[in-house]
Amino acid sequence: MHKPIEFHKLFYTPVWRYDYPYYANDKEELFEYFTNDDLYITDREKNGLQITRANLHKDPVIQKLRDWIQGCCESTMTQMGFQPQCGITSMWATRQRAGGFHHNHSHANSFLGGAMHLFDVDGCASGTVFTNTEASKYVIQPPVIERNPMLRPYEHLPFVPGTMLVFPAWAQHTTWPTESRYRVIVGFNSMPIGMTNKDHFDRYNFPDPAGMTLKEYKED
């Protein structure tokens with residue numbers, strides 16, 4: 001009798017999608033908050049995308065949403081096999097008009113990153129696209145017989161209003177130019193709290209960022 005074939009998925013990129021359980025009740029209030037023109041820094045608009053300052057997690061008006069995101073981060077840390085203690089270091093919103101998109105990027109100086117799909121006025125916005133950084137190794141591309149071949153250069157996770165994607169901050173991701181006239185996404189960063197790294201000479205005691213002051217972004 002032949003032994004069963006072993007199949008190993010090596011070094012995958014984990015991504016969690018969480019469903020905001022209060023979205024139906026809070027949608028109107030969140031819409032009013034995140035569509036306020038005064039929230040966005042108009043002179044930082046690029047690629048049809050506007051962005052807010054990154055200190056929204058300090059605003060008590062959206063504390064309910066912030067506390068839920070915090071809980072999702074702690075759950076993610078636990079599922080990854082790490083201690084759950086972590087803190088949100090920054091949170092911001094982007095809104096994109098038709099044709100708008102976000103360039104390919106990762107979340108620097110962070111451990112977890114997140115993107116919450118809030119609103120899509122036309123129901124046709126593209127979601128978050130995670131790029132495969134190993135795609136440059138695919139120098140040979142055989143003819144495809146499966147709709148979703150195992151080796152592919154990206155993975156598109158659709159835009160689902162009221163849900164949030166949490167991922168390792170190093171995961172590169174982008175958004176395609178949207179066909180929707182208006183979509184809003186909330187992003188955030190989170191860092192572990194406490195001692196990190198196993199090397200005795202390379203350990204960092206990250207403090208709780210709750211009391212920290214976020215240095216505002218300035219153009220060079």
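Q: What counts as a strand here, in this predicted model?
A: A strand is a DSSP run of E with at least two residues, and the numbering starts from the N terminus. The model we're looking at is predicted.

Q: Where does Leu151 lie?
A: Leu151 sits in a loop, with strand S6 (128–131) on one side and strand S7 (154–157) on the other.

Q: Why is Leu151 called exposed?
A: The cut-off for exposed is over 50% relative accessible area. Leu151 has 56%, so Leu151 is exposed.

Q: What makes the nonpolar surface patch that includes Leu151?
A: Phe7, Met150 and Leu151 make it, and the patch covers about 390 Å².

Q: What is the order of the strands in the open sheet?
A: The order is S4-S9-S6-S7, 4 strands with antiparallel pairing. Strand S4 (102–105) and S7 are the edge strands: each has a single partner strand, so one side of each has no neighbour in the sheet. From one strand to the next, the twist averages 20°.

Q: How many helices and strands does the protein chain have?
A: There are 2 helices and 12 strands.

Note on methods: Residues numbered from 1 in each chain as written. Predicted model: local features only at pLDDT ≥ 70, side-chain atom pairs only at ≥ 80, totals over all residues. Heavy atoms only, no water. Patch = residues over 30% accessible without salt bridge, like charges linked within 9 Å, V, L, I, M, F, W, Y side chains within 5 Å. Areas by Shrake-Rupley, 256 points an atom, 1.4 Å probe, with all protein chains shown as cover. Salt bridge = Lys/Arg side-chain N within 4 Å of Asp/Glu carboxyl O. Buried < 20%, exposed > 50% of the residue type's maximum accessible area, 1.4 Å probe, protein only. Pairing = 2+ DSSP bridges. Axes fitted to C-alpha atoms, helices over the stretch in contact; angles between N-to-C directions.
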